[in-house]
Amino acid sequence: MAGPLTFYGTLFGAAVLCLVSPGASAAEEAPTVAEAPPDAASRLDREIAMIRKGRLDEAERLLSRDMAAERSPRVRADLLAAFATQLFLNAPKLDDPTSALVLDYLERAVDAYRLVLGAGDPEVATALIRRAEVERLLHPDDPALWTDSAYQQAYRIRFERLGATSPVTLGTLIPMAELAALPSRTQGDPAKIEAAAAMLRQAAEGTAASQDDGARAVHAEALETLQRFEAAYGAGRSDGPRPQIMTAGAARQCVGVNLDDAILFSGEPAQFAMLRDRFARAGLALLPCGSMLAFPLGPGIDPTPVLDLLTDISAGRIKGLYMGLRNPDETPAPSPEAP
């Protein structure tokens with residue numbers, strides 16, 4: 001059975017995404033979970049009344065009638081999303097069957113938006129995140145593995161449609177990082193925790209100079225989350241302690257390359273060829289760094305197409321290839337003098 005739900009709010013531009021945090025209980029302040037269109041919810045008064053009475057079968061029958069009477073495919077998608085949200089907010093108890101029902105309707109809403117608007121529409125990204133957020137609220141310590149994929153798909157859609165520097169795109173990195181840093185995901189691997197912290201730094205740095213309200217909210221939330229990371233995992237602010245697997249000699253080899261937020265790869269030449277090929281197919285650049293390769297992270301860099309590869313390298317599943325970070329105590333080599 002799902003336990004009590006708690007949350008804190010984060011504004012991602014025009015979309016409101018509510019995440020888990022110590023503080024208010026569900027009864028005090030209920031999560032909006034990237035709320036469905038309000039006009040759709042206003043058409044579900046009878047369904048909501050049945051949900052509050054615990055008569056979920058009757059609520060579903062009423063929804064089916066409303067769906068059958070509605071000619072617009074877009075509105076039907078909105079009704080599915082709104083019904084799932086109201087079920088989540090108003091059910092007398094969120095036991096396992098009710099939680100499964102909420103997630104089922106949210107999945108149906110994702111499929112409906114894909115059919116109506118196309119797989120790359122930002123509304124599909126919002127629907128994916130809505131479902132992933134509910135799963136995280138229901139199972140905060142170990143969400144189902146499909147949540148990782150849902151966030152990554154949503155980020156790619158927003159990256160392609162809204163741009164790399166959009167507050168909405170950058171804001172998506174915050175729940176992605178929180179999920180990636182869970183002990184159920186990292187298994188205590190410092191490199192994985194650092195990779196999650198790097199997402200938060202990317203969100204914070206990408207919104208630091210903007211005066212847009214949405215960007216400022218993302219910036220504040222990213223910094224707050226970094227502070228919680230530091231307290232929980234020893235990761236966090238760029239000037240604070242980070243769990244690092246340090247690569248000796250990087251500062252001496254990588255002349256002219258900024259290694260402050262970069263992943264370093266070392267290993268066998270044959271594996272470097274595979275690595276270059278995977279990064280090139282993802283549209284990502286690797287910089288020569290002496291006998292190593294460097295992957296700079298920062299605003300505008302989308303690492304999600306190679307996250308599976310980075311995870312495999314970190315876990316030691318790819319023989320002859322290693323990843324790490326620079327040792328901040330090493331003195332960088334002097335830059336070559338200009339001729």
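**Ground rules.** I'm working with a predicted model, where local features need pLDDT of at least 70, side-chain atom pairs count only at pLDDT 80 or more, and totals for chains, interfaces and linings use all residues. Residues are numbered from 1 along each chain as its sequence is written, and side-chain values use heavy atoms, with hydrogens and water left out.

**Helix H2.** I looked up H2, residues 45-52, and found Glu47, Ile48, Met50 and Ile51 buried. (Buried means under 20% relative accessible area, exposed over 50%, partly exposed in between, with a 1.4 Å probe and protein chains only. Helices are DSSP runs of H or I, at least four residues, numbered from the N terminus.) Down the axis of H2, the buried residues fall within an arc of 160°, so they line one face; the arc is taken from the directions from the helix axis to the C-beta atoms. Asp45 and Arg52, on the other side of H2, are exposed.

**Aromatic rings.** I found four aromatic pairs. (Rings of Phe, Tyr and Trp, its six-membered ring, pair if their centres lie within 6.5 Å; planes under 30 degrees apart are stacked, over 60 edge-to-face, the rest tilted.) Tyr155 and Phe159 have ring centres 5.9 Å apart and planes at 45°, so I noted the pair as tilted. Both sit in helix H7 (residues 146-162), four residues apart, which puts about one helical turn between them. Tyr155 is buried at 0% relative accessible area, while Phe159 is partly exposed at 23%. I also noted one aromatic cluster, formed by Phe265, Phe279 and Phe295.

Conventions
Helix = DSSP H or I, 4+ residues; strand = E, 2+ residues; numbered from the N terminus.
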